[in-house]
Amino acid sequence: MMNIADLQARLRTFAAERRWEPYQTPKNLAMAMVVEAAELVEIFQWKTAEESQALDEVTRVHLGEEIADVMLYLLQIADHCQVDMAAAVERKLALNAKKYPPLASGAGD
């Protein structure tokens, strides 16, 4: 199981060892995350829906790397802004459940 606090501590150490702290502002991290998100989207660019669901192993590995890049930047943004990721996710899931209630049985069939 992934430990968010541990990952954030590892990311802080990684940045400190490279003296990247002055550059790792929430603004810069968010901009870098968007660049990585664009690289994630690029994997699917021009693929049909079916092709996007049937990736070869090399592409799936590349996809995992881009997903990880986006997630790591998100974790750093949350860390720098003191956002409790677990609490934020739980809150958002609860808000979404209220906003989008389940369909009644048989609805949409």
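**Aromatic pair, exposure and spread of a predicted chain**

A search of the whole structure turns up one aromatic pair. This is a predicted model, in which local features need pLDDT of at least 70, side-chain atom pairs count only at pLDDT 80 or more, and totals for chains, interfaces and linings use all residues. Residues are numbered from 1 along each chain as its sequence is written, and side-chain values use heavy atoms, with hydrogens and water left out.

User: What makes the rings of Phe14 and Trp20 a pair, and why is the pair called edge-to-face?

Analyst: Rings of Phe, Tyr and Trp (its six-membered ring) pair if their centres lie within 6.5 Å; planes under 30 degrees apart count as stacked, over 60 as edge-to-face and the rest as tilted. The centres of the Phe14 and Trp20 rings are 5.5 Å apart and the planes stand at 70 degrees, so the pair is edge-to-face.

User: Why is Phe14 called partly exposed?

Analyst: Buried means under 20% relative accessible area, exposed over 50%, and partly exposed in between (1.4 Å probe, protein chains only). Phe14 has 39% relative accessibility, so Phe14 counts as partly exposed. Trp20, at 37%, also counts as partly exposed.

User: What makes Trp46 exposed, and where does Trp46 lie?

Analyst: The relative accessible area of Trp46 is 77%, so Trp46 is exposed. Trp46 sits in the loop between helix 2 (26-44) and helix 3 (49-52); helices (H or I, at least four residues) and strands (E, at least two) are DSSP runs, numbered from the N terminus. Trp46 is not a glycine, yet has a positive phi of about 75 degrees.

User: Why does Gln82 count as exposed?

Analyst: Gln82 has a relative accessible area of 75%, so Gln82 is exposed. The residue lies in the loop between helix 4 (57-80) and helix 5.

User: Why is Pro102 called exposed?

Analyst: Pro102 reaches 77% relative accessibility, so Pro102 counts as exposed. Pro102 belongs to the segment after helix 5 (85-99). From C-alpha to C-alpha, Pro102 and Pro22 are 46 Å apart in space, and 80 residues separate them in sequence.

User: How do you know that the chain is more spread out than a compact globule?

Analyst: The chain has five helices and zero strands. Its radius of gyration (taken over C-alpha atoms) is set against the globule rule, 2.2 Å times the number of residues to the power 0.38. The value is 18 Å, well over the 13 Å that the rule gives for 109 residues, so the chain is more spread out than a compact globule. The C-alpha trace spans about 55 × 35 × 25 Å along its principal axes.
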